[in-house]
Amino acid sequence: MILPVVKLGTLALKTIAKPFANRLKNSAGIHPRFRQFIMNIAQANHRISTNIQRRLYGHSTKVEIRPLNEEKAVQAAADLIGELFVFSVAGVALIFEVQRSARSEARKEEMRRQEIEEMKQRDEDIAKEVELLKHRLNEIERLARGKGLTGLFNFKHGHVPEESKPVSSAY
């Protein structure tokens, strides 16, 4: 049940982050120093990606790579910034979810550990009780061997020996 809610929450977070990324992209082209900074990032990104593509296709990398024109560089950098922003938001959401899951798992593990500890305690208590009952049984058996069954049960109105019975006359 929790997994679909988490996925839905992550999707909603990405959807909410996209307008912020678009606003960041739009403002990137307006400010002169920021514009120059992102153009430099875009040109470096263009050179790196072109070299990687050339290596993948087996072409020479010694060729001079033409720089992007100013508008394409600003647009590419703005797109890169927007995607990085959305990716960062998704990454933070993922880290948060992993930490939440780890805390939940730690709580469950602590509960299991406590249950095991309680079971061990109950087992020790039962073992002590069994030992006490064994001791009592041995004591009863010892007394029974010493006194016989009548001594064991201690009857008040029990069996009276023949010689102690009063003799009645039949005359």
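From the N terminus on, the elements of the protein run α-α-α. In this predicted model, the protein contains 3 helices and 0 strands. Of its 171 residues, 13% are buried.

Helix 2 covers residues 32-57 and is built from 26 residues. From its first C-alpha to its last, helix 2 reaches 37 Å, which is close to the 38 Å expected at 1.5 Å a residue. The buried residues of helix 2 are Arg35, Ile38, Met39, Ala42, Gln43, His46 and Thr50. An α-helix has 3.6 residues a turn, so residues three or four places apart point the same way. Helix 2 is followed by glycine 58, which has a positive phi, near 80°.

Isoleucine 48 is also found in helix 2. With a relative accessible area of 52%, isoleucine 48 counts as exposed, because the term applies to values over 50%. Together with Ile52, Leu56 and Tyr57, Ile48 makes a nonpolar surface patch of about 500 Å².

A patch of negative charge is also found on the surface, where Glu115, Glu117, Glu118, Asp123, Glu124, Asp125 and Glu129 gather. Glutamate 115, one of these residues, has its place in helix 3, which spans residues 70-153. The relative accessible area of glutamate 115 is 42%. Glutamate 115 is therefore partly exposed, because this value lies between the limits of 20% for buried and 50% for exposed residues.

How values were computed: Residues are numbered from 1 along each chain as its sequence is written. This is a predicted model: local features need pLDDT of at least 70, side-chain atom pairs count only at pLDDT 80 or more; totals for chains, interfaces and linings use all residues. Side-chain values use heavy atoms; hydrogens and water are left out. Patches are made of residues with over 30% relative accessible area and no salt bridge: like charges are joined within 9 Å, nonpolar side chains (Val, Leu, Ile, Met, Phe, Trp, Tyr) within 5 Å. Accessible areas come from the Shrake-Rupley method with a 1.4 Å probe; for residues, only the protein chains shown count as cover. A salt bridge is a side-chain nitrogen of Lys or Arg within 4 Å of a carboxyl oxygen of Asp or Glu. Lys and Arg count as positive and Asp and Glu as negative; His and the chain ends are not counted. The place of a charge is taken as NZ of Lys, CZ of Arg, CG of Asp or CD of Glu. Helices (H or I, at least four residues) and strands (E, at least two) are DSSP runs, numbered from the N terminus. Buried means under 20% relative accessible area, exposed over 50%, partly exposed in between (1.4 Å probe, protein chains only). The expected span of a helix is 1.5 Å times one less than its number of residues.
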